[in-house]
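This report walks through one structure, element by element. Have the sequence and the 3D view at hand.

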Amino acid sequence: MTSAVSMTNIFKSYGEVKALDDVSFDLGSNEVVGLLGDNGAGKSTLIKILAGVTRADAGTMNINGQAIDPRGHTVARARRLGIETVFQDKSLGEKQPLWSNFFAGRHLTNRWGFIDVAAEMRVTREILGNILGLQGSNLQPETIAGTLSGGERQGVAIGRAMHFNSRIVVLDEPTTALSLREVDNVLAFVRRIKRDGKACIYISHNISHVHAVVDRFVIVDKGRIALDIPKNGTSLEELIGIMVDIAGGGDQARAGTHP
Ligand SMILES: Nc1ncnc2c1ncn2[C@@H]1O[C@H](COP(=O)(O)OP(=O)(O)OP(=O)(O)O)[C@@H](O)[C@H]1O
Ligand SMILES: [Mg+2]
C-alpha cells in the first residue's frame with residue numbers, strides 16, 4: 001500500500017514531560033487508523049505535529065510522498081498537502097463568523113480576485129444544512145464561532161473537513177460533544193473517506209466507535225507506541241482487554257480483572 005503519512009523517530013518534550021518518545025507511525029493512502037490510549041498518552045501531540053500546529057524536537061516525516069522537516073512544518077503546508085484536521089480543542093477562529101472560518105486560507109474569489117463573500121456564505125449555508133444534519137439549529141453563516149457550543153463547534157469543523165474533500169482527514173475526539181444522530185453522521189463520514197480511497201486518523205476514547213470504522217489500531221502509552229495491530233480478527237472484547245492490560249501495566253490489570 002502506498003503511504004500517505006510516514007513519521008519516524010519523533011520526539012517531543014514539554015519540560016520534563018516526554019509527550020512523544022521515539023514514535024514512528026505510518027498511514028496508508030487508503031487506510032483508516034484508530035489512535036487509542038489513555039489521557040495524556042501523546043495522541044493529540046502526534047497529530048498536532050502532523051498538522052503543523054506543534055513542532056517536533058526531532059524526527060523525520062513524509063506526507064503524500066513529500067519529505068517534511070517536522071521541526072519546521074506549518075499549518076498552511078499541511079493543508080496544501082491535503083491534511084484536514086478536526087482538533088480536540090479549538091479548531092475555529094473564535095472571533096470570525098462561520099463562513100470565513102470555513103474558507104480561511106482558501107477563499108473563493110470573484111473574477112476581480114476579491115473574496116466572494118456571497119458565494120462563501122451560500123456554500124457555508126449548504127454545508128451547515130446538508131452535511132451534518134445541523135438544520136433546525138441556530139447555526140448561520142454569520143454566527144461568530146466563539147458563541148458555538150462544543151458539539152456545534154465539532155460539527156462545523158467536521159463539515160469543513162467533509163467539504164474540502166481532503167486526502168488525509170484527522171479527527172481528534174470528534175464525537176465527544178455530539179448528539180447520537182450526529183455521531184452516526186461522523187461514523188458514516190469516516191466510512192465514506194475509506195470508500196473514496198482516502199486516509200483517516202481517528203482518535204477516540206470510545207473504543208466501540210473506533211472498532212466499528214478503522215482498519216488498524218495503534219495504541220499509544222506514555223509517549224510510546226505500545227501496540228500496532230490490524231483490526232482483522234480482533235474483536236471489540238479483545239481490544240478492550242488489550243487496552244485494560246496496557247493501561248494497568250499488564251499483570252496488575254490482569255490481577256484486577258480476575259480477583
Ligand atoms: N502545550 C503543552 N504544554 C505542556 N505540556 C503539554 C502540552 N501539550 C501536551 N502536553 C503534555 O504532553 C502529554 C501528552 O498530551 P496529549 O495532549 O498528546 O495527550 P492525549 O493522548 O491527546 O490525551 P487525551 O486523551 O487526554 O486527549 C501530556 O502529559 C500533556 O500534559
Ligand atoms: Mg488528546
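Helix α5 covers residues 150-163, 14 residues in total. From first C-alpha to last, α5 reaches 20 Å, close to the 20 Å expected at 1.5 Å a residue (1.5 Å times one less than the number of residues). Helices here are DSSP runs of H or I with at least four residues, and strands are runs of E with at least two, numbered from the N terminus.

The model is predicted: local features need pLDDT of at least 70, side-chain atom pairs count only at pLDDT 80 or more, and totals for chains, interfaces and linings use all residues. Residues are numbered from 1 along each chain as its sequence is written, while chains are lettered from A and ligands numbered from 1 in the order in which they are written.

α5 is mostly covered, with 11 of its 14 residues buried (20 or more other C-beta atoms, placed from the backbone, within 10 Å of a residue's own). Among the buried residues are Val156, Ile158 and Met162.

| Covering element | Residues |
|---|---|
| β6 | 83-86 |
| α3 | 98-103 |
| α4 | 117-130 |
| β7 | 168-172 |
| α6 | 180-195 |

After α5 comes Asn165, with a positive phi near 55 degrees.

Next, the strands. β9 (residues 216-221) and β10 (residues 224-230) pair in the antiparallel sense over 6 bridges (pairing takes at least two DSSP bridges). Val218 has Asp228 in β10 as its bridge partner. The two strands form a hairpin with 2 residues between them. In the turn, Lys222 has a positive phi of about 45 degrees.

How values were computed: Buried ≥ 20, exposed ≤ 12 C-beta atoms within 10 Å, placed from the backbone. Contact = placed C-beta atoms within 7 Å.
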